[in-house]
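This briefing looks at how helices pack against one another in a single model. Two packed helices are described by the angle between their axes and the distance between the axes.

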Amino acid sequence: MKAAVIEQQGGVENIVYRDWDDPEPRPGEVRVSVGACGLNHLDIFVRRGMPGFPVPMPFISGGDIAGTIDALGDGVAGWSVGDRVTMNPQTDHGMIGEELIGGLAELVCVPAINLVALPDNVSMETAAAIPINYGTAHRMLFERGRLAAEEIMLVLGASGGVGLASVQFGKMAGATVIAAAGTQEKCDRLSELGADHVINYAEEDFSRAAWMMSGKKGCDVIVNFTGGDTWVPSFRAARPGGRVLTCGATAGHDPQTDLRFLWVRELDILGSNSYSQEDVAKSVAYAASGDIAPVVSHTFPLEKLGEAETLMEERGFFGKIVMTP
Ligand SMILES: NC(=O)c1ccc[n+]([C@@H]2O[C@H](COP(=O)([O-])OP(=O)(O)OC[C@H]3O[C@@H](n4cnc5c(N)ncnc54)[C@H](OP(=O)(O)O)[C@@H]3O)[C@@H](O)[C@H]2O)c1
């Protein structure tokens with residue numbers, strides 16, 4: 001098969017589109033012919049290298065996979081060759097695309113228990129925008145964050161994968177959503193997609209703007225997976241008793257903090273990691289019913305993975321970038 005292979009960790013020049021042995025499904029696994037594979041910021045971290053998370057090289061990343069079943073391993077029941085599927089990339093043996101060989105390739109083998117049937121009205125490209133972003137947002141907002149209707153939620157990085165998923169789930173739950181992003185164009189798209197208020201944080205102080213938009217009461221819930229210098233300002237945008245949710249740190253994992261906000265406002269900081277099979281399956285069902293509408297701004301052929309990852313690093317996309325083999 002052909003695959004976009006990371007030969008060694010570093011820059012995009014280390015990604016080589018080349019031949020790779022066809023994987024054979026082991027007992028309990030299926031082989032999927034990849035129709036589309038969505039990019040996540042994780043793919044960049046895997047390629048650059050993450051302190052404390054060694055990845056064996058050469059490696060194929062990509063955890064957001066949609067395709068059709070191409071072969072069945074021994075003992076697989078309930079699935080047939082030709083079935084349209086997507087999947088939960090978190091397996092019992094590690095994460096597909098981070099610890100196990102991923103889907104930025106023509107073929108990938110995955111445990112059958114991780115599969116989610118793909119309804120006919122959800123395209124491969126749309127499906128490749130769902131599992132990680134919507135699964136993560138679903139767990140973070142509802143399981144960890146207990147987001148309720150009528151609450152005011154601020155989402156930073158709202159134009160990206162987890163961000164847009166948070167905006168859409170927030171609206172689905174009946175919350176008032178303040179979506180913050182880095183350009184006016186992204187803010188306009190977020191308004192079109194239903195955000196109640198938007199903030200271009202390249203132009204204005206988002207904590208002050210969100211405070212004003214909340215009627216000077218502060219936001220009930222803040223979604224902050226950016227970290228870095230957005231960390232303390234996001235406390236400032238919270239109401240007394242508010243919840244700050246985090247699942248990542250795109251701009252830096254060791255930000256300065258200001259403990260005064262934590263006790264004076266009695267804030268809760270809630271970490272959220274990963275997602276369950278149910279988070280992914282529910283997200284696919286919401287896409288099929290139209291309750292959420294994943295947005296794919298760019299589709300690239302697999303041999304252009306380096307170009308696509310550069311676009312992600314430069315923040316030149318909206319929602320999701322999807323690769324097709
Ligand atoms: N714990 C988990 O299970 C889990 C699961 C999924 C993702 N994550 C984490 O969540 C974060 C978001 O992931 P994602 O895949 O949604 O990323 P993404 O699609 O690249 O979106 C991130 C967004 O954050 C904004 N941003 C602000 N500062 C940035 C910076 N310095 N560099 C890049 N983007 C910046 C960008 O929007 P603007 O240009 O509009 O500012 C960008 O669109 C990552 O840190 C990822 O590792 C964690």
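This is a predicted model: local features need pLDDT of at least 70, side-chain atom pairs count only at pLDDT 80 or more; totals for chains, interfaces and linings use all residues.

Helix α3 spans residues 131–144 and helix α9 residues 277–289, while helix α4 covers residues 161–172.

**α3 with α9**

- The axes of α3 and α9 come within 8 Å and cross at roughly 110 degrees.
- Angles of 65 to 115 degrees count as roughly perpendicular, and α3 and α9 are therefore roughly perpendicular to each other.
- The handedness of the crossing between α3 and α9 is right-handed.
- On the α3 side, the contact is formed by Pro131, Tyr134, Gly135, His138 and Arg139, which meet Asp279, Val280, Lys282 and Ser283 of α9.
- Sorted by class, the residues in this contact of α3 with α9 are three nonpolar, three polar and three charged.

**α3 with α4**

- The axes of α3 and α4 come within 8 Å, with a crossing angle of roughly 55 degrees.
- That angle makes α3 oblique to α4.
- The crossing of α3 past α4 is right-handed.
- From α3, the residues Asn133, Tyr134, Thr136, Ala137, His138 and Leu141 meet Gly161, Val162, Ala165, Ser166, Phe169 and Gly170 in α4.
- The contact of α3 with α4 has six nonpolar and six polar residues, and no charged ones.

**Residues of α3 in both contacts**

- Tyr134 and His138 are among the α3 residues that meet α9, and Tyr134 and His138 are also among those that meet α4.

Technical notes
Residues are numbered from 1 along each chain as its sequence is written. Axes are lines fitted to C-alpha atoms, for helices over the stretch in contact, and angles run from 0 to 180 degrees between N-to-C directions. Helices (H or I, at least four residues) and strands (E, at least two) are DSSP runs, numbered from the N terminus. Angles under 35 degrees count as roughly parallel, over 145 as roughly antiparallel, 65 to 115 as roughly perpendicular and the rest as oblique. A crossing is left-handed if the near helix is turned anticlockwise from the far one by less than a right angle, and right-handed if clockwise. Two residues are in contact if their C-beta atoms, placed from the backbone, lie within 7 Å. Ala, Val, Leu, Ile, Met, Phe, Trp, Tyr, Cys and Pro count as nonpolar, Asp, Glu, Lys and Arg as charged, and the others, Gly among them, as polar.
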